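Please keep the sequence and the 3D view open while going through the numbered points.

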Amino acid sequence: MSVNVSTLQARISGESTASSPLSTEEYFVNMGPQHPSTHGVLRLVLRLDGETVRDVVPVLGYIHRGIEKMGEHGNYRQFVHLVDRMDYLAALSNNWAVTMVVEKAAKMETTDRIQAIRTLVCELQRIQSHQLWWGVFGMDLGGFTPFFYGLRDREQLCDIFEKTIGARLTMNYIQPGGVMYDIHPDFVKDVKTFLAYFKSKLPEYDTLMSENVIIQERLRGIGKLSAERALALGATGPVLRASGVAHDLRKSEPYGLYSQVDFDVPVGTTGDCWDRYWVRMEEMRQSIRIVEQLIDNIPEGKTFMVKPAAKIKVPAGVHYSHMETPRGVLGVVLVSDGKESPYRIHCRTPNFNNLWCIGEMATGGRIGDLVAMLSSIDLVIPDIDR
Amino acid sequence: MSDESIAAPEVLPPPEKHVGTGGAVTGAVPWIDKSGAIGGVFKGIRSLFSGMKVTVGYLMRPSTVITQQYPENRETLKLPDRFRAQLAFNHDDNGYHKCTMCRICEEACPNVSIIITGREKPAVSKKEIDSFVWRLDSCTFCNTCVIVCPFGVLRFDGTFESSVYDRRLLAYTLNDYAGPVASVLEKIEDPEARKAAMEKRDPYGAHTIIEALAERQRAKKAATHAAYAAAKAARIAKKEAAKAAAEAPAAEPAAEAKDVG
Amino acid sequence: MSWQVKTMAERTGDLLPGSPWTAVLYVLLTILAVTAFVTLCGLVLIYAERKVSAHFQCRLGPMRVGWHGLLQTIADTIKLLLKEDIVPRDADALLHILAPVLSFAGMLLVMIALPMSPSIQVADMNIGVLYVTAVSGLGVLGILLGGWSSNNKWSLLGAMRAGAQIISYEVSATLALLVVVLFAGTLQLSGIVQSQETGWWIWRAHGCGIVAFSIFMIAGTAEINRTPFDLAEGESELTAGFHTEYSGLRFSFFFLSEFLNMFVLAAMASTLFLGGWMPLHVGHFTVFNGIMDLLPPGLWFTLKTSAVIFLIMWFRWTFPRLRVDQLMRLEWKILLPIGFVNLFVSAACVVTGFYFFAG
Amino acid sequence: MGVITDKLPGVLEPVPGGQVLLTAVDQLINWSRSNSLWPLTFGTSCCAIEMMMATGAARHDMARFGAEVARPSPRQADLLVIAGTIVKRMAPRLRTLYEQMAEPRYVMATGSCAICGGPFMYDSYTTIRGADEVIPVDVYVPGCPPRPEAFFYGLLTLQKMIREGESIRHPGERRRPVLAALPEGMTLDDIRKEMQDLLSHDANVKMVDELAEGAHFSAELKDF
Amino acid sequence: MDAPNLIAAVQALQPDATVREKTDRPTLIVPAEGLVALATRLRDDPALKFELLEAHTAIDWIEEDRFELLYLLASIAHGHVLTLSVSVDRENPEVPTLCNVYPIAEWLERESYDLMGILYDDHPDLRRLFLEDDWVGFPLRKDYEDDFMLERPE
């Protein structure tokens, strides 16, 4: 049998790649599971030569909770609530991904109002997610103040979500057959206030970070990822787009009301950290555009097409649908045997694939670069481990 | 739109055309031009100063401080109506609830945070609730129970202050009394009889019910183990039978032929 | 108007004239004074840093302990003093214990040379500048020892970064100091202050003063390991850098010496370039100078030092951190050449007497 | 200094008036400890974001409590906030982190996952059902995740415990305030009110000196 | 390329591929042996150009005593999608690895090995991904038993 089962020890103790006469003894360092810049409980085993990173081996599983197994034991609504905890910074997108596959498979109908609300809240959450990323990115690069400014503006969106949805992080708002509540009467007004506010703050973001010479020096040319490698490694979302591939499911397979709005897909050129940074900054602006087009044109209609207590049954077969979360493509494979709970459910999460790009990027860089690269991928660890 | 800031494009190859991705922005990524060394240095230094201007701007304007001082502002702190932090029972003005013990919420709850026990000897109607246990410690505030309840028994409050030193205190009994629903109670004319039908329930003590549940779970676990073992044995038997059937085809048709003959 | 400089050494001599106990008393008084000052200064600085950073970031900072959080740092101090002290099993115990003491001692020793006012100075050495440069180099020894003895790779990385960084930047800082020494013609700190009676060196020396001041501030910020040069303890990269394995009292030594180093840097910068305790004088405009003399020299020193400290804090709460190689490039390829050129130019200025109020 | 706090009770107790002095020392130490809770930067999942919002967002600003100095190294931290799910693979690491912290150390379990496994309580093959199976937990802050204010309420509750429940006379022993053991006839609202009262009037309130013991607790509850 | 054309094109490459019913994406059942060759051609054929392995997962059909492996391929250049379905024996679940065609398969297959126990021939680094190295059993299999796991009480 040609199947080799190896161990971590075997993996990391590879051949020394140091060839220069000046090179020194290589050593291993564990980065994580508790490390401030791994954004959770990711563990990276680094092979270092002084400050230079020779190899990065991610070790996962420190927050693997078996969501897929749990999905097989509950019904579809209960699974929607579970995926909130997967990519918690984009809980609504996760809700929608599962909802989408269930609705598609069970052929449930929705109204334009439902779709408009879903599109709106998801775009708002994309802004929210990128705000947090921007703040944390600043902190990972050593500047503390961006962190506070990013979170300050994120808090405004939290308020809007609290009013309409009643939760700040784990929403469980988008459900098969509709949305949990209709929007709050103040929603339109609040969102407009927020957009005006945030548009006045974005130039400040640029002054503080984007135009800062230290930031540019630290990001430019660091962690390059070519388009071919990005595709081969299955990267999606801003990571892929920064490498120059204009792949955005909102454009290529429009769902929700994305086909009715006008927006651009920002694309980078070289796929370095700066491109990824810039793509996300630009995405915030595009999301503002989308929200602006939709906010005044929310159609009338029902917000829940089936009774909340109604049981959902999905016809037997394999169903798949995917969507664009702030971090990339979230796909859900739903295998049903016609019962109330899925036979097998698998989530193709964006961070899982994006994480592996770090090995490609980091080799040859410095520890400081590694932190910038990790941050520019914008990882959410529970989304990787599920 | 502040597209102007990114409009100044360097000469870059246009991105490869892709199906369905019209209107893609080219990578007009702005950065400080380092080609002129001296000019670049001055631009860089200026960017540092403009950053410093932003931060000091906030320092100079105390009105930008947006901190809400939580324990001090408790009276004025108003949470949105829909905020979910504490499950509560809707009791009407008489203190009667409407829970008919249909158990829809219990079934819908994703992680068994709601445990309903019925009274062993219902006083008036067929089914009467004994205690409606809600586990705050495991609740995920998904609101499913509230939206599925056909009678509007439950609601979510915004009372978030419930930190404790002992996690057993986080199991609440939500109903004020054990007994029939409001409509049944209102039919009873005699106030004494009404009172007799209602048995007071205190918010605490629910953890014994949870322990009982855990006991039941252990029993169930043993049962599933047995079921798994049986299924496995059946599968192996089936497989062996299939194998035997596959191995024996040479003999079987001959026997059949003999019978026919 | 001439300033009568009277150091603590001379005062002690006045107390017990001709007695052999003078030396003992002097040492005791010095310890008492420096300890009291260091403690007070540390408390105030940490509180100020927290409040200033908070207001940079649209928030309030410590509010609940005492009025507007005034007692916050006291609570922190008591807690740190009473916290369990851990020496890791595999650490080099002696060096582990010695490191924070060394780091703290370097900073304490600088303190005694600082002229805070004509009458507040512990010792006035005739080689003051040299002494300060030499003694502040002790700090890096503490950091290196701390990182090495902790038996932790992150600590070691942090210590090595700190070693490389501090030793490199000391060159530039010293070059910047030399500019002032050239102009003042003395190494004595009080002498340098008095040489600025007709104006501060930062503007009297034409461009040289400003360039030297900028280099000194950048190099100094790097020497005290603060953002944007806080590579040695860069949180997001090296967990906590060289003091990862330190807890309680010993950690507080590192913590405190970091803040007091900031004070030392600010005090040195204001002494050398901004006239120290010398009020703002412009040449021989007696009326203007007389008005400026109304404020006591101690207050002038405090104001200038606070301004420089605020500048350092401002850097910290605005800028991100540099990378290791960029840090080295900044020093060896940019600051050092500029520093040398600046030194030559200022030497020429001194020789030709081409600076304001040279007479 | 550990030596001093160890020896102090032995020296002071026999002295007349020593008890009073000791109580004063206790109060000072507890005051300082409760007001300087430096958290460890540690979070596993969603609750970490809300903890970040509590520490980092200018709206909430944990600096007001003197607790914004988040230390990345466990040696320097006082407060371990378990923010998120703990799975089997993480549990030994959590234990290590806890053991690396210097005394006195405090643990706060925020969110359903850390309290009892929360949404992953059933049917999950890795999730630890409650962080208190791995390390001792002082305060439980329910929520999924708790909002920053709830997090602060938990912090206040912990401060209360530190101020009332510790003495250098019994190092390492931590007494929880009485709320765990319920007198008969008390309701949820009474408890909440009492708790709020206690927290608003800080150190002037007398706490009932009773360690909430499991047996005692159950006996009380059976009377209902 | 629309679904019928796509299926015809792939069937030209792999004649014994049959269409899998009950799916919402064009899905072909292919034998395990020729998988690597087929995937390479799917990736390199300019008319097909499936450059992205979007997802890979395994399904445990315990009643039919087999695992079904799904490879969800997508072509960004052409905007079409295809799923390959491979069935393997439950007792001896061995399939060739796709690591050399799609590098991301290395980790997707490790996940699949970790949770489902599929063994990938010639995989360079086949070890557990999420669980500890000494974990017993494969949790996503339908007959997985665990003393630790609690089931939902009824």
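**Note on the structure**

1. The buried residues of helix α3 of chain A are A:Y76, A:R77, A:Q78, A:F79, A:V80, A:H81, A:L82 and A:V83. The model is a predicted one. Helix α3(A) covers residues 76-83, and because 8 of its 8 residues are buried, the helix is largely enclosed by the rest of the structure. Within chain A, the buried residues of α3(A) pack against α2 (67-71), α4 (91-106), β4 (174-175) and β9 (344-348). They also pack against α3 (144-148) of chain B.

2. The next point concerns the domains of chain A. The domain assignment gives domain 1 as residues 8-59 and domain 2 as residues 74-385. Taken over C-alpha atoms, the centres of these two domains of chain A are separated by 31 Å. In the contact between them, domain 1 of chain A supplies 13 residues and domain 2 of chain A supplies 18 residues. On the side of domain 1 that touches domain 2, there are 5 nonpolar, 5 polar and 3 charged residues.

3. Is A:D186 buried or partly exposed? A residue counts as buried if 20 or more other C-beta atoms lie within 10 Å of its own, and as exposed if there are 12 or fewer. A:D186 has 14 C-beta neighbours inside 10 Å and therefore counts as partly exposed. Its place is in the loop of chain A between β5 (178-179) and α7 (187-210). A:D186 and A:L132 are 54 residues apart along the chain, and their C-alpha atoms are separated by 24 Å.

4. Chain B holds an open sheet of 3 strands in the order β3-β4-β6, with antiparallel pairing. Strands β3 (114-118) and β6 (171-173) of chain B stand at the edges with a single partner strand each, so one side of each has no neighbour in the sheet. From one strand to the next, the twist averages 20 degrees. Strand β4(B), residues 129-135, is joined to β6(B) by 3 bridges in the antiparallel sense. Across this pairing, B:W134 stands opposite B:Y172 in β6(B). Helix α6 of chain B, residues 207-247, packs on the sheet and touches β3, β4 and β6 of chain B. The direction of α6(B) makes about 95 degrees with that of β3(B).

5. Chain B also meets chain C. This contact takes 12 residues from chain B and 10 residues from chain C. The side of chain C that touches chain B consists of 7 nonpolar, 2 polar and 1 charged residues.

6. In chain D, 3 strands form an open sheet in the order β1-β2-β3, and the pairing is parallel. The edge strands of this sheet are β1 (79-83) and β3 (139-141) of chain D, each of which pairs on one side only. The twist from one strand to the next averages 20 degrees. Strand β2(D), residues 106-110, runs parallel to β1(D) and is joined to it by 5 bridges. Here D:A83 stands opposite D:T110 in β2(D). Helix α3 of chain D, residues 46-56, lies across β1 and β2 of chain D and runs at about 130 degrees to β1(D).

7. In chain E, strand β4 (residues 66-75) is mostly covered, with 8 of its 10 residues buried. Strand β3(E), residues 52-61, pairs with β4(E) in the antiparallel sense over 9 bridges, and E:L53 stands opposite E:L73 in β4(E). These two strands form a hairpin with 4 residues between them, and E:D65 in the turn has a positive phi of about 60 degrees. Strand β5(E), residues 80-89, runs antiparallel to β4(E) and is joined to it by 10 bridges. In this pairing E:L70 stands opposite E:S85 in β5(E). The hairpin of β4(E) and β5(E) has 4 residues between the strands, and E:G79 takes a positive phi near 75 degrees.

8. Which residues touch the most other members of the largest nonpolar core? They are C:A269 and E:L73, in a core of 384 residues. The element that gives the most to this core is helix α12 of chain C (residues 248-273), with 17 residues. Leaving aside residues up to four places away in sequence, E:L73 touches E:L42, E:F50, E:L52, E:L53, E:E54, E:V81, E:L82 and E:L84.

Technical notes. Residues numbered from 1 in each chain as written. Chains lettered and ligands numbered in written order. Predicted model: local features only at pLDDT ≥ 70, side-chain atom pairs only at ≥ 80, totals over all residues. Contact = placed C-beta atoms within 7 Å. Nonpolar A, V, L, I, M, F, W, Y, C, P; charged D, E, K, R; others polar. Domains from an automatic or database assignment. Pairing = 2+ DSSP bridges. Axes fitted to C-alpha atoms, helices over the stretch in contact; angles between N-to-C directions. Core = buried A, V, L, I, M, F, W, Y, C linked by C-beta atoms within 7 Å.
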